[in-house]
Amino acid sequence: MSVGKAASGRQWWKEAVVYQIYPASFNDTNNDGRGDVNGVTEKLDYLKELGVDVVWLSPIYDSPQVDNGYDIADYKKIYPPYGTLEDVDRLIQELGRRGMKLVMDLVVNHTSDQHPWFSESRSSKTNPKRDWYIWKKPKYNAEGKPGPPNNWNQILGEAHSAWIFDEATEECYFAAFTPQQPDLNWENPDVRAAVYDILRFWLDRGVAGFRMDVINLISKDQSFPDAEIVIPGQPYQPATQHFANGPRLHEFLGEIRREVLDKYDQMTVGEMPFVYDEKEFLKIVHQNDGFLNMVFHFELVDIDSKRGDVPGDSRMSIGHWDVSDLRRIIARWQRRMLDGGGWNSLYCENHDQPRSVSHFCDDSDEYREYGSKLLALMETTLSGTIFVYQGEELGMRNVPVEWGPEEYKDIESLNYWKKVNEMYPNDQDKLLKARRALQAKARDNGRTPMQWDSSANGGFCPAGVTSWMRVNDDYPTVNAAAQTAPEATSSVYHFWQRLLALRKENADTFVHGGFELVDETNPNVFSYVREADSGQKWVVVLNFTGQPAAWEMPKWGLKWMLGNYADGLDKAQGNGEHLVLRPWEGLLARQVCN
């Protein structure tokens with residue numbers, strides 16, 4: 001068997017375990033129902049014991065919180081409920097004492113409309129900062145009413161135009177996500193210089209790098225043409241082909257690297273939605289002439305995002321997927337980066353996604369733990385840098401189906417529910433489907449408060465304090481205190497802890513080693529080999545169905561080392577060449593002879 005090897009180079013960020021924190025929902029220490037920076041510092045020992053090396057904070061900058069912090073009003077000030085710059089300095093210091101690092105979320109495709117830059121820009125057509133944002137003249141209809149300059153829609157409210165008419169100057173500004181998040185004009189060198197100043201501000205403060213929010217949207221097609229009509233009957237159409245991976249993207253990213261990043265020992269991971277061409281990603285992250293260390297692609301988490309019968313034709317759509325889809329996606333990205341000199345990021349959930357056990361497995365009480373461990377086994381045995389999202393290590397799941405739309409807080413969810421009600425006000429079937437779509441796909445699912453213990457509010461905030469978002473109803477049983485207890489040796493947390501330690505002990509294999517599929521036609525089981533330069537091989541076998549699944553063992557000598565069922569190893573050792581895996585069962589073996 002020929003198993004390709006990973007790209008050379010042992011940078012620290014390749015073997016690091018990154019843990020993403022959504023600040024509002026992590027740990028409240030000032031009793032206002034919202035998490036804070038000091039709450040992160042308070043839980044560093046918990047993260048260190050899990051095996052975390054890097055903490056990535058979703059935005060903590062000053063913000064009106066229209067999009068939960070991704071609308072930034074001041075990049076050099078902390079949102080007051082989260083704390084102060086001094087609190088961040090202490091967090092960096094405490095991380096350093098534990099041999100850990102901090103990565104910040106960099107949001108520079110757009111700002112808040114409350115940012116002083118935009119206040120100046122919209123003040124007059126002659127203001128020096130006018131072209132720091134994207135302004136265009138409106139198109140007027142026969143009645144003389146102003147309309148948008150093209151038919152591009154909003155990403156978080158696709159029934160609406162991405163162009164906002166400003167009455168004071170009688171022009172439209174472009175805001176890809178919401179009206180309160182105007183896009184910066186990266187064509188202006190003064191804008192780029194201001195962004196580089198922000199990066200230096202945080203790097204000089206001790207931050208170890210950035211997750212770059214929608215970084216591939218910073219270059220737009222400057223002709224701003226109408227988008228193709230793909231949603232008949234809707235006046236505004238998806239236009240990401242015109243403002244994702246635009247003509248100057250590589251130029252801009254190269255400038256960021258030359259002007260700032262190359263001068264620091266840091267890590268960068270770029271979020272790049274609306275792109276599925278692995279060749280394009282490889283250009284961005286190539287070890288010799290790329291621009292960023294890693295990118296987040298969306299093909300795996302979008303495995304079931306197929307426009308179908310869900311009302312509104314939005315990201316909430318739910319399509320069918322099977323093991324062959326999972327195998328194809330993961331194998332292609334593993335092979336492309338290993339063979340092409342790039343580097344993968346590994347994640348199954350984040351603040352913009354549903355909980356992974358609910359998304360990919362069965363989150364029922366019977367199978368939640370098995371599914372959570374199955375995903376952990378997959379993530380920790382693939383090549384790339386691991387990103388664990390808060391609560392993933394506990395097997396946290398989506399909000400209950402009984403929750404009504406009033407419990408959802410995210411602007412995308414609110415826009416979606418409003419749109420469906422406007423389109424189908426008396427259609428109970430459509431409304432029910434829309435509610436199910438929210439429960440399955442809404443970003444709120446990943447934003448419920450962290451479940452620390454079985455006390456009121458899951459220990460996220462004190463009893464008597466109303467948390468900013470409702471805590472998932474299962475917190476009395478699904479919580480960190482229960483899973484970190486010494487006697488809870490079979491918990492999801494301890495399974496993650498063992499796997500992360502095993503990965504670090506065998507980094508030559510799991511982080512840097514080669515990848516090859518096994519049994520490529522099995523309809524239910526995803527299996528693969530990881531091989532180090534030394535020849536050491538490990539085999540991973542994962543049943544991604546809720547039914548028993550057969551797997552024919554290769555003609556190798558295998559020693560089964562780890563499984564997500566308590567008796568899985570004994571069962572595997574004594575079963576010869578034929579295995580029948582239980583629902584959502586995963587096994588890990590080391591080859592002991594050819």
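This is a predicted model: local features need pLDDT of at least 70, side-chain atom pairs count only at pLDDT 80 or more; totals for chains, interfaces and linings use all residues.
Helices α13 and α14 pack together. Helix α13 (residues 411-423) and helix α14 (residues 428-441) meet at an angle of about 170 degrees, with their axes 10 Å apart. Helices here are DSSP runs of H or I with at least four residues, strands are runs of E with at least two, and both are numbered from the N terminus. Axes are lines fitted to C-alpha atoms, for helices over the stretch in contact, and angles run from 0 to 180 degrees between N-to-C directions. The angle makes α13 roughly antiparallel to α14 (over 145 degrees; under 35 is roughly parallel, 65 to 115 roughly perpendicular and the rest oblique). Look for Ser413, Tyr416, Trp417, Val420 and Asn421 in α13, which meet residues of α14 including Leu431 and Leu438; contact means heavy atoms within 4.5 Å. In α13, Ile411, Glu412, Ser413, Tyr416, Lys419 and Val420 are buried, and the buried residues of α13 pack against α14. Buried means under 20% relative accessible area, exposed over 50% and partly exposed in between, with a 1.4 Å probe and protein chains only. Asparagine 426 sits in the loop between α13 and α14, and it counts as exposed because its relative accessibility is 73%.

**View 1. Strand β18 and its partner, β17.** Now find the strand from the opening question. Lys537, Val539, Val541 and Asn543 point one way from β18, while Trp538, Val540 and Leu542 point the other way, and all are buried. Strand β17 (residues 525-531) runs antiparallel to β18 and is joined to it by seven bridges; two strands pair if DSSP finds at least two bridges between them. Serine 527 has valine 541 in β18 as its bridge partner. Five residues lie between the strands of this hairpin, where glycine 535 takes a positive phi near 100 degrees.

**View 2. An open sheet of eight strands.** The strands follow the order β13-β12-β11-β5-β2-β1-β15-β14, with parallel pairing. At the edges are β13 (294-296) and β14 (345-346), each pairing on one side only. Further in, three bridges join strand β5 (residues 101-106) to strand β11 (residues 209-212), and leucine 106 has methionine 212 in β11 as its bridge partner. Helix α6 (residues 189-204) lies across β5 and β11, running at about 135 degrees to β11. Helix α16 (residues 492-505) also packs on the sheet, touching β1 (17-21), β14 and β15 (385-389).

**View 3. An open sheet of three strands.** Here the order is β6-β10-β9, and the pairing is antiparallel. Because β6 (135-136) and β9 (163-166) stand at the edges, each with a single partner strand, one side of each is left without a neighbour in the sheet. Follow β9 to strand β10 (residues 171-174), and you will find four bridges between them. Aspartate 166 stands opposite glutamate 171 in β10.

Technical notes: Residues are numbered from 1 along each chain as its sequence is written. Side-chain values use heavy atoms; hydrogens and water are left out.
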